Structure formats: C-alpha cells, structure tokens
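This report takes up one protein model. The sequence and structure are shown first.

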Amino acid sequence: MDFCEMYEQYYHRVYYTALKVTKNPSSAEDILQETFIKAYNKLDEVREEGKVGAWLSTIAHRKAIDLLRKEKKAVLLPIEEMPVPQPFYENAASDVEHICECRHLEEDIKKRISTLSPKLRAVFQLSYDKQLQEKEIAQTLHITQAAVKSRLHRARQAMKGKLGEVIHHYSTA
C-alpha cells in the first residue's frame, strides 16, 4: 500500500481515535502526526492491508494514552510560584512575540482571578499580588489564619482548574 493512499484513507479514523482519548483537538493532531510518522517508518512490516486501519488506530490509541500519562506526571506549581517570564532584549524579533505571550498570559490570569468569589479573590490577590504571608493576610482581612489557609487552598484549586488548559497552551507554544 502506498503511504499517501494510506494517509488519505485513514486520516480521519486516526484523528478521531486520538481525539476520543485526549478530548483535545491539538493533542489529537500531534498524535495523528506521530502515528503516521511511526507508520511510515514501519510500512515495510505491514503484511495484511486489511488490518492497516486497526493497526493505525492501535498506534494512535497507545500514543494518546502515553500523552495523558505524561501530562499527568507534569508537576503543577501553585500559581504564586509560577515563574513570570521576563522579556529579553537580545533577540528583538522573538522578544516581541515573547512579550505578547507574557501579556496575554497575564491577562488570562487576571480574567480567571476575577471569576473567583470575593472572599477567595481577596485572599488570593493579597497572597499573589502583594506577596503577603498567611498571618499578614489574616490581620489585613480580620479573619483567622485557618480561614486564610482554607480560602487560599480553595482559590488555588479553582485557579488550577481554570488555568490548566491555558498553561498547557503556553507550554506547548
């Protein structure tokens, strides 16, 4: 079987197999590409043309699962510990893009923070923007340190959920 014919015939099947597992179109596209690269390298080993579709689907399914496992192992830092990229002025062309990405990421974070409840937002902003310790936040808001700790935890959890996809986008860009 010719590789181009195989690609044309099974492109959609492989893509939707990956999409079904990852639930992410860009990840499915990456897996599609990786699957056909592997298929191209192993094309001479194909014995039965009738099983090519199943073979490609199996490759895509396994690669999708591997990707999910890799993402699951990724270490997520609390948002306060996330390094904010600083612009460099050595490479002007790439710096403009980098600066735009940083500003866009900051806007996304601020947008997500504004969706937190007022109690969570107040604690989160004092910790994130003002870099205050839990004890200082408790004194500022006239609440217990335990309440600060609890609200910070809930705010971080909410932000992780809201920013997970955004951070993934910037880490792969």
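## Model and conventions

This is a predicted model, in which local features need pLDDT of at least 70, side-chain atom pairs count only at pLDDT 80 or more, and totals for chains, interfaces and linings use all residues. Residues are numbered from 1 along each chain as its sequence is written, and side-chain values use heavy atoms, leaving out hydrogens and water.

## Overall fold

The protein chain has seven helices and zero strands (DSSP runs numbered from the N terminus: helices are H or I of at least four residues, strands E of at least two). Of its 173 residues, 28% are buried (under 20% relative accessible area with a 1.4 Å probe, protein chains only). Among contacts (heavy atoms within 4.5 Å) with a separation of 6 or more, 60% join residues 24 or more positions apart.

## Helices α1 and α2

Helix α1 (residues 3-22) packs against helix α2 (residues 25-42) at about 140 degrees, with the axes 8 Å apart (axes are lines fitted to C-alpha atoms over the stretch in contact; angles run from 0 to 180 degrees between N-to-C directions). The pair is therefore oblique (angles under 35 degrees count as roughly parallel, over 145 as roughly antiparallel, 65 to 115 as roughly perpendicular, and the rest as oblique). Residues making this contact include Phe3 and Thr22 of α1 and Pro25 and Tyr40 of α2.

Thr22 lies in α1 and is buried, at a relative accessible area of 11%. Leaving aside residues up to four places away in sequence, Thr22 touches Ser27, Ala28, Ile31, Ala64, Leu67 and Leu68.

Methods
Buried < 20%, exposed > 50% of the residue type's maximum accessible area, 1.4 Å probe, protein only.
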